[in-house]
Amino acid sequence: MTALLMRLTAFLMVALASLPAAASPEAWAALRQPGTVAVMRHALAPGYGDPPGFTLGDCTTQRDLDDRGRAQARAVGDAFRDAGVSVDLILSSRWCRCRHTAEETALAPVEAFAALDSFFADRSTAEAQTAAVRRRLAAADPARKLLLVTHQVNITALTGRSTRSGEVVVIRVAGDGSLTTVGTIAIPVP
C-alpha cells in the first residue's frame, strides 16, 4: 500500500507542477527592490526523491531535468528578463536537477552552496542547513540580487511554503536576518 501511495503522490506532484499559475504583481515589484531574494524550486525532473545508488557528483545516477524541465527553467529566466529583474548570483544545491535549472535560466553565474542540498532523505540536517541559508542571506549585500535554486523540503523549512517545480518564492530579508514572504512566481511549463 505504501508503494502505491508514493506513486500516486508522485503522479499528483507532477500533474500539479504542470498547471499554469500567475505571478503576484507584488512579487515582481519586490524583486526589483533591494533586500529581496528569489528562492526557486528546481524545474521539472520526473520521478520522486532520489533513486537507489544516487551519487552526488554523478548526474547519471540522479533524477534530472527532462526536456520540459529545461524549457521551464529557460522560461523562468526569460520571465525575469522580461520583468526587468537582474540577478547578480545564483546559489544552487549541488544536486544536478538544481544546478541544471540554475544554468538553464542563464540569469547569472552559478555557485554551489551545500546548505541548499536536499535533506528529503535525511531530515537530521534540516535545522543546520536552514540556519546556514539564513546566515548567508543575512550577510548578503541587499543591493545584490540573489536567486537560490533548491528543493521543496528546503523551501518549506525556510519559508513555511510548499512549492511546485519551477516555482519561485520571493522573500524580503530584514537587517536582523528575519525573512518575510512577499509573493510567488510560477511560470507555466512551455
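Student: In which sense do β1 and β4 pair, and over how many bridges?

Tutor: In this predicted model, β1 and β4 pair in the parallel sense, over five bridges. Strands count as paired when at least two bridges are found between them. One of the positions involved is A38, whose bridge partner in β4 is L147.

Student: What makes β1 and β5 a pair, and in which sense do they run?

Tutor: Five bridges join β1 (residues 36-41) to β5 (residues 168-173), against a requirement of at least two. The two strands run antiparallel. Within β5, I171 is the bridge partner of V37, and V168 stands opposite M40.

Student: Where do these strands lie in the sheet as a whole, and what is the pairing called?

Tutor: The sheet is open and has six strands in the order β3-β2-β4-β1-β5-β6. Its pairing is called mixed, with β1 parallel to β4 and antiparallel to β5.

Student: Which strands are called edge strands, and why?

Tutor: They are β3 (110-112) and β6 (179-185), each of which pairs on one side only. From one strand to the next, the twist averages 25°.

Student: Why is β1 described as largely enclosed?

Tutor: Six of its six residues are buried, so the rest of the structure largely encloses the strand. The cut-off for buried is under 20% relative accessible area. T36, A38 and M40 point one way from β1, whereas V37, V39 and R41 point the other way; both sets are buried. In a regular strand, side chains alternate between the two faces of the sheet.

Student: Which residues of α6 are buried, and what do they pack against?

Tutor: The buried residues of α6 are V153, N154, I155, L158 and T159. They pack against β1, α5 (126-139), β4, β5 and β6. The helix is followed by G160, whose phi is positive, near 80°.

Student: How do you know that C59 and C96 form a disulfide?

Tutor: Their sulfur atoms are 1.9 Å apart, and the criterion is a distance within 2.5 Å. A search of the whole structure finds one disulfide.

Student: What is the handedness of this disulfide, and what parts of the chain does the pair tie together?

Tutor: The torsion about the S-S bond of C59 and C96 is about -85°, so the disulfide is left-handed. C59 lies in the loop between β1 and α3 (67-82) and C96 in helix α4, so the pair ties together parts 37 residues apart in sequence.

Student: Are C59 and C96 each buried or partly exposed?

Tutor: C59 has a relative accessible area of 24% and is partly exposed; the range for that class lies between 20% and 50%. C96, at 1% relative accessibility, counts as buried.

Student: Why is C98 in no disulfide?

Tutor: The nearest cysteine sulfur, that of C96, is 9.5 Å away, whereas a disulfide needs the two sulfur atoms within 2.5 Å. At 0% relative accessibility, C98 counts as buried.

Student: Why is S92 called buried, and where is it found?

Tutor: S92 is found in strand β2. Its relative accessibility is 1%, so the residue counts as buried, the cut-off being under 20%.

Student: What does the side chain of S92 reach, and which residues does S92 touch?

Tutor: The side chain of S92 reaches the backbone nitrogen of R99 at 3.3 Å, and the limit for a polar contact is 3.5 Å. Leaving aside residues up to four places away in sequence, S92 touches several residues, including C98, R99, A102, F113 and V149.

Student: What is the secondary structure of the whole chain, and how many of its residues are buried, as a percentage?

Tutor: The chain comes to six helices and six strands, running α-α-β-α-β-α-β-α-β-α-β-β from the N terminus on. Buried residues make up 47% of the 190 residues. Of the contacts with a separation of 6 or more, 66% are between residues 24 or more positions apart.

Notes:
Residues are numbered from 1 along each chain as its sequence is written. This is a predicted model: local features need pLDDT of at least 70, side-chain atom pairs count only at pLDDT 80 or more; totals for chains, interfaces and linings use all residues. Side-chain values use heavy atoms; hydrogens and water are left out. Helices (H or I, at least four residues) and strands (E, at least two) are DSSP runs, numbered from the N terminus. Axes are lines fitted to C-alpha atoms, for helices over the stretch in contact, and angles run from 0 to 180 degrees between N-to-C directions. Buried means under 20% relative accessible area, exposed over 50%, partly exposed in between (1.4 Å probe, protein chains only). Contact means heavy atoms within 4.5 Å. A polar contact is a pair of N or O atoms within 3.5 Å; within protein, one must be able to donate a hydrogen and the other to accept it, and residues adjacent in sequence count only if both atoms are side-chain atoms.
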